[in-house]
Amino acid sequence: MSWTRALPTALAVCVLVLTGTASCDSDDGRQKERAVSPSPVGKVLKDTDEEGRHYREVDDKDAPEVGIEVQPETDASWDVRLTVSNFRFSPAGAKPEAVKGRGLVYLYVDGDLVSRLRTPDCRIPGDLVPRGTHTVTARLYADDGTVWAVDGEAVESAADITASGAEASPSPDASPRPDGTPGPEATATTPDALSAPGTYVRTGGRGSPDRAGKAS
């Protein structure tokens with residue numbers, strides 16, 4: 001499911017912190033895990049994410065949704081842009097309780113948490129995305145750390161990206177040797193390969209996204 005409603009943009013530049021994660025104007029990744037709140041919002045399920053945070057089931061009607069798009073930058077970093085519906089980002093210092101349609105977006109690279117976001121824009125440093133194909137996932141969480149879920153599946157979106165690294169290419173200005181043979185070729189580097197836009201999916205937080213499934 002997609003939408004075209006414009007969202008306010010707040011650019012947040014990521015920096016590498018001591019734990020090796022990216023911080024995008026969010027919690028710095030060192031916050032303590034919070035206990036599940038007794039909020040009457042939704043139903044807390046036995047299912048959990050990879051780190052044991054429980055799913056919080058809500059009705060499909062007016063359920064929060066998220067979409068993700070990731071694009072490469074010339075400095076080898078990656079620009080992440082999120083679109084959300086029926087969801088608003090909680091400000092820093094929000095009470096650790098579940099409030100309908102509110103919370104944070106947890107950003108993962110290949111299943112590893114790199115940042116907790118309070119804005120729809122972020123940049124992932126290139127050293128967190130080595131050469132090869134990777135999956136960047138945005139998942140919605142309530143302020144008490146529970147995962148927003150619909151029909152038993154986490155509300156999230158994923159995008160596959162491919163980092164090609166620097167590659168040498170011949171320069172047209174390379175000069176021939178005196179004997180007429182080709183001279184040493186000057187080389188140039190190319191930036192990382194571009195990424196595929198995110199798709200709106202619910203994957204339950206496990207395994208590969210079912211791209212034919214219902215959007216989230």
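Eight salt bridges are present in the structure, which is a predicted model. Several of them can be followed residue by residue.

One of these pairs is Asp49 with Arg53, whose closest N and O atoms are 2.9 Å apart. Both Asp49 and Arg53 are buried. The contact belongs to a network of salt bridges that links Asp49, Glu51 and Arg53.

Glu50 takes part in a salt bridge with Arg139, at 3.0 Å from N to O. Glu50 sits in the loop between strand E3 (43–48) and strand E4 (54–57), whereas Arg139 belongs to strand E11 (residues 132–141), so this pair ties together parts that are 89 residues apart in sequence. The two ends of the bridge can also be described by their accessibility. Glu50 has a relative accessible area of 46% and is partly exposed. Arg139 has a relative accessibility of 3%, so the residue counts as buried, since the cut-off for that class is under 20% relative accessible area.

A further salt bridge joins Glu73 and Arg123, with 3.9 Å between the closest N and O atoms. This distance falls within the 4 Å limit used for a salt bridge. Here too the pair links distant parts of the chain: Glu73 is in the loop between strand E5 (65–72) and strand E6 (78–85), and Arg123 is in strand E10 (residues 121–124), 50 residues apart. For Glu73 the relative accessible area is 26%, which makes the residue partly exposed. Arg123 is likewise partly exposed, at 26% relative accessibility.

Most residues other than glycine have a negative phi. Asp110 has a positive phi, near 55°. Its position is the loop between strand E8 (102–109) and strand E9 (112–117). With a relative accessible area of 42%, Asp110 is partly exposed.

Asp151 is another residue other than glycine with a positive phi, and its value is near 55°. Asp151 lies in the loop between strand E12 (147–150) and strand E13 (153–154). The relative accessible area of Asp151 is 58%, so this residue is classed as exposed, the cut-off for that class being over 50%.

The loop between strands E5 and E6 holds Glu73 of the bridge to Arg123. Asp110 is found in the loop between strands E8 and E9, and Asp151 in the loop between strands E12 and E13.

Key
Residues numbered from 1 in each chain as written. Predicted model: local features only at pLDDT ≥ 70, side-chain atom pairs only at ≥ 80, totals over all residues. Heavy atoms only, no water. Salt bridge = Lys/Arg side-chain N within 4 Å of Asp/Glu carboxyl O. Buried < 20%, exposed > 50% of the residue type's maximum accessible area, 1.4 Å probe, protein only. Helix = DSSP H or I, 4+ residues; strand = E, 2+ residues; numbered from the N terminus.
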